[in-house]
Amino acid sequence: MYPDARNSPSKAKAKQADAQNWHSHWWDFNPLADHLKRPVAWSNASTIFTPHPSQPLILGRLFSSSKQFIIVSPDQILNNPAAYEPPNVITVSSNDHWLFAYFPGRDRDGVGCLWQRGYSIDKWNIRDYWACERGAGIVNAVFVGAEREWVTCPDGSTTRLTQSGPLTPIYNPTLLTVTQAHQLNVYFLRTYASGVKSLTCSLVQPCYTAENASQVAHDPPRGPKTSRLCSAASLSFIFHDRTRLAESVFMVAMRSRRYPLSDTLRAAASDSSHDLGLSLDMPVDNQLDERPPLLDWNSYEEEQMIELCEVKLRFDGMHMFIIAAPLSPIHHPGPCLTNFMFVSVPASKPDTSTSPKTSPTKDKQPQRGQLELPTTYLVASFLDFEEYASLPKSRIVAYSIVRVVPPNGKIPWAARLVGDRSFSPRILTVTAPGSLSIATRKITVIVAITNPGGSLPRGAAKPKEFPVGNLFALQLPDLSDDPDYDHPSILAPVNRMSSDCPLSIFTSPNKLLACAVSMLQTSIYTLPRTRITSGSKDTLHQLPLAQALTIALQSRRSTADISHILSLPSTPATMLHDTLFGTLTSYEVNARLGTANSFTMVDVMGVAVEIYRARARQTQNEDEKERYLMLSRNALNVCSVSACFAAFEDCQESEEYDLEPVWQLISLSTWVVAFLEDLMKECVFLADLADPTPNTSLNPNEVMPKEEPMDDNPFLRNWLTSPFQQATDQSPHSVSLDAPILLHLVHPLALTNLRAVVFHVSSFHRYLASMTAKRENSQFARDTMLDLISSSGLDLKVLEDILSTAIPEASAIPVEEIMASFAEGHPVPAQHGQLKKTIRSLTTSSAIDRPRLFIKSSDLVDGFANLSASDRPVGDDPGMDVVTKGRLLTQNPGLFCLRCGGRSQVGGEVMVGGHSSPRWKSWERMWAARCICGGSWVSGNI
């Protein structure tokens, strides 16, 4: 008897082997050929905009939180959502004030919409919208007016690149769009105009269009030319040439495709060659002989060339005009273009050490030849499906587009193939611009490459996602792999590993992360980056994360992607200190060289709030989590002290204070006094730990503890259980001097701000005490302030004198140790000697009244169960306004900070006796766009 074929061991093994492998097919990549891409935009405020999968809506996600919101579409779309598709173009301005999207119509005109952002980054209001006729839909758009980019130098200093793109000083915003009709539309708003105006020019023939000239209404394309439409476009803002600073040029690249005309389709439908011989007794059309030629599907395909056009957008002081000059197209046999983009490289500065010391007027040509002009690369990727019987073959090419200066004075552009690479059998899906290094003039391109197949994970516990490819950094111009970068994995769900390749990708503001969008999901990936290794203190500013953080602070961009990298469990804890220390080093180098810093050290501490909170969310160790939360809380206190100091400065005039915001100033004073009480309690605890007798130990700076246990110190308790305790030689009682709150007594900046705010609270107290209240409200305010100071147990005048004496001693500590304490978030051993001296001065003087400091009158009334020692730390009260330090109104949702998690209701009217306070209002406007920690606001009810 023959064995049953169904139970054959060989077939069973083959079936089992097939179940343990996955394979891709050509149809998995066909959406790339059909340009079925879902656009994605990542704003500098760290908001990710993606289209709704099926409805004409835009979804916004606030990275790195899970908060999402919806951008409201125009009424024309909301009243008939089935008539419009999800947006195929989404772009956001560099300053995050403007958002644009285009919604294609279904058998009707499409709609372009412009939104303007409010104070919170999740509030977008429609500014204007307009119809785009069929055959002239928008295929790409970009905003003009980006600020000059910041870059870091090898010595840690920062500098700005030359201007990139045209300047439009009186227009805000200026939007460039490329349409299917091979036209460039410029939409702009003048400061005095209410609606959006536009200019239109052709990109396939020389064209000149001026704002003050009469505009010809755009007619829908008619005739045979309607079969040729632009299917994809890319725009590039070229860095200004140092030899032609007044000239601003940008490039437009287009890929076209031919489509059949409607009358051609009708002719094909009525073709008699398909007659089956069945008579239907219908009259014959006498004009059939005049019908258009029959449909030839081979002629309706993507053109194998990329058209280029040079565009100059100029402003003469009154009006704007456009000059378009088409260039020679780039022919390439690639059958299916999937991606193409421009990558610009700025011109290098002339090397004064090697250039000849002759006058440039004597020999102009050699001098000019020594300048390396700006270079622009056009990178394009293709897929070749051949006969649609196997996986497509992917290929990527790079063309250099440089300006050539001939003797006749014309400025043509020369395109030359500089890179060509194939990836078979792997498939390249999407591309994105990479990083730029000014020191080495190295520029990279990020590509996503998927595998044709692989083995499924084995084991009982299978992961939800599995690697299906990698992200690579390719060097320009030869497109070779950069050996200095790693290759992060591309993940896909296990149940659809072969059918979920990325279709669109967009990098984060600091080019550390990427948002990849497929047909079914949106994913966040870590971009390829150089191996992160810590070095000596002299080279920490060269760390990639430190450079990225410095540029983000200089550019006023969100640092959420940097904090996300630092919060990952795979990132060493020492990298937090090294990144902050490297940024502070760049700040000091800029200050020493006289370069203006657009950020302050308080801004760096605001970033530390975000980093510590992100790290606390990711860690699984409860002690480590509490430690990071304490560091984050104290970093926010540094920002709060600085904000309170600015408020008192704004409301002070000579030796008097503006009394219209008297209750607001009392709220600030209340917070300051509560913070001082916590700080003084910490000093008293440390003073009680020390033996008043002279220290006879080998280390004269070591604090000698008493026999009492010290586990009541939460920072000490966390340190005792942390893995860092084994790596240090410090004794437990010396580590208690590293409490984060003590940073305010040893760091010169924090100590100076603290002394200043103590001076203002003391002066404000004396000013109110010297006045005679004439109204009931004034009497209440005066009594409240007097009771606050008298019950605090602090003598502010003595405290101010002691802090003033400590400032020169804190400044005498080496700068490296000062920066180290700021980066660590607590005092370092080099500051312990000065810290103990300050603590001894505070605890042995009349600045502290211990009974009043530890026992409040409310505690005696309410009972000892609610003693002040058990109160929550300053800054943890969810009912307190993080900016004004007042109480939050429950009926007003207010604003929520994405960085520190605080809430605020800034922006309301401050009225006392029917009068508003312009001084206080001007101070509140400082925090209308950002929190005191530098974080972005979102609506409180999100």
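Figure 1. Among contacts between residues at least 6 apart in sequence, 67% join residues at least 24 apart. The model shown here, and in every view that follows, is predicted. The chain holds 21 helices and 40 strands. Buried residues account for 50% of its 942 residues.

Figure 2. Let us start on the inside. In soluble globular proteins, nonpolar side chains tend to be buried together. The largest nonpolar core here has 116 residues. The residues with the most contacts inside this core are Met-680, Leu-742, Leu-745, Leu-754, Phe-764 and Leu-799. Helix α11, which spans residues 662-689, gives the most to the core, with 14 residues. If you centre the view on Met-680, you will find Leu-794, Leu-799, Leu-842, Ile-848 and Leu-853 touching it, leaving aside residues up to four places away in sequence. Apart from this core lies another, of 24 residues, among them Leu-184, Phe-250, Cys-309 and Ala-324.

**Figure 3. Ala-324, a member of the 24-residue core.** Ala-324 sits in strand β20, which covers residues 320-331. Its relative accessible area is 4%, so Ala-324 is buried. Who are its neighbours? Beyond residues up to four places away in sequence, Ala-324 touches Cys-201, Ser-202, Gln-205, Pro-206, Cys-207, Cys-309, Glu-310 and Val-311. One of these, Cys-309, belongs with Ala-324 to the core of 24 residues. Lys-312 is twelve residues from Ala-324 along the chain, and the C-alpha atoms of the two are separated by 6.5 Å.

**Figure 4. Two edge-to-face aromatic pairs, Phe-49 with Trp-124 and Phe-237 with Phe-250.** A pair of aromatic rings is described by the distance of the centres and the angle of the planes. The count of aromatic pairs in the model comes to 20. For Phe-49 and Trp-124, the rings are 5.8 Å apart centre to centre, with 80° between the planes, in an edge-to-face arrangement. Phe-49 belongs to strand β3 and Trp-124 to strand β9 (residues 124-132), so this pair ties together parts that are 75 residues apart in sequence. Both Phe-49 and Trp-124 are buried. In the Phe-237 and Phe-250 pair, the ring centres are 5.8 Å apart and the planes stand at 90°, so this pair is edge-to-face. Phe-237 comes from strand β17 (residues 228-237) and Phe-250 from strand β18 (residues 250-258), so the pair ties together parts that are 13 residues apart in sequence. Phe-237 is buried, with a relative accessible area of 16%, and Phe-250 is buried too, at 1%.

**Figure 5. A cluster of aromatic rings.** Four residues meet in this view: Trp-26, Trp-27, Phe-385 and Tyr-388, which ring pairs link into a cluster.

Figure 6. Most residues other than glycine have a negative phi, and most peptide bonds are trans. Here are some places worth a second look. A cis peptide bond joins Phe-63 to Ser-64, with omega about 10°; Ser-64 lies in the loop between β4 (58-62) and β5 (68-71). Another cis bond joins Ser-424 to Pro-425, with omega about 5°. Pro-425 is in the loop between β24 (413-422) and β25 (427-437). Turning to phi, Ser-46 has a positive value near 65° and is not a glycine. Ser-46 is in the loop between β2 (41-42) and β3 (47-51), and is buried, with a relative accessible area of 2%. His-182, also not a glycine, has a positive phi of about 55°. This histidine is in the loop between β13 (171-179) and β14 (183-190). At 4% relative accessibility, His-182 counts as buried.

**Figure 7. A nonpolar patch on the surface.** We finish on the outside. Which residues form this nonpolar patch on the surface? Val-72, Leu-78, Ile-126 and Tyr-129 do, and together they have about 320 Å² of accessible area. Val-72 is found in the loop between β5 and α3 (75-78). With a relative accessibility of 49%, Val-72 counts as partly exposed.

Note on methods. Residues numbered from 1 in each chain as written. Predicted model: local features only at pLDDT ≥ 70, side-chain atom pairs only at ≥ 80, totals over all residues. Heavy atoms only, no water. Helix = DSSP H or I, 4+ residues; strand = E, 2+ residues; numbered from the N terminus. Buried < 20%, exposed > 50% of the residue type's maximum accessible area, 1.4 Å probe, protein only. Contact = heavy atoms within 4.5 Å. Patch = residues over 30% accessible without salt bridge, like charges linked within 9 Å, V, L, I, M, F, W, Y side chains within 5 Å. Areas by Shrake-Rupley, 256 points an atom, 1.4 Å probe, with all protein chains shown as cover. Salt bridge = Lys/Arg side-chain N within 4 Å of Asp/Glu carboxyl O. Core = buried A, V, L, I, M, F, W, Y, C linked by side-chain atoms within 4.5 Å. Phe/Tyr/Trp six-rings, centres within 6.5 Å; stacked < 30°, edge-to-face > 60°.
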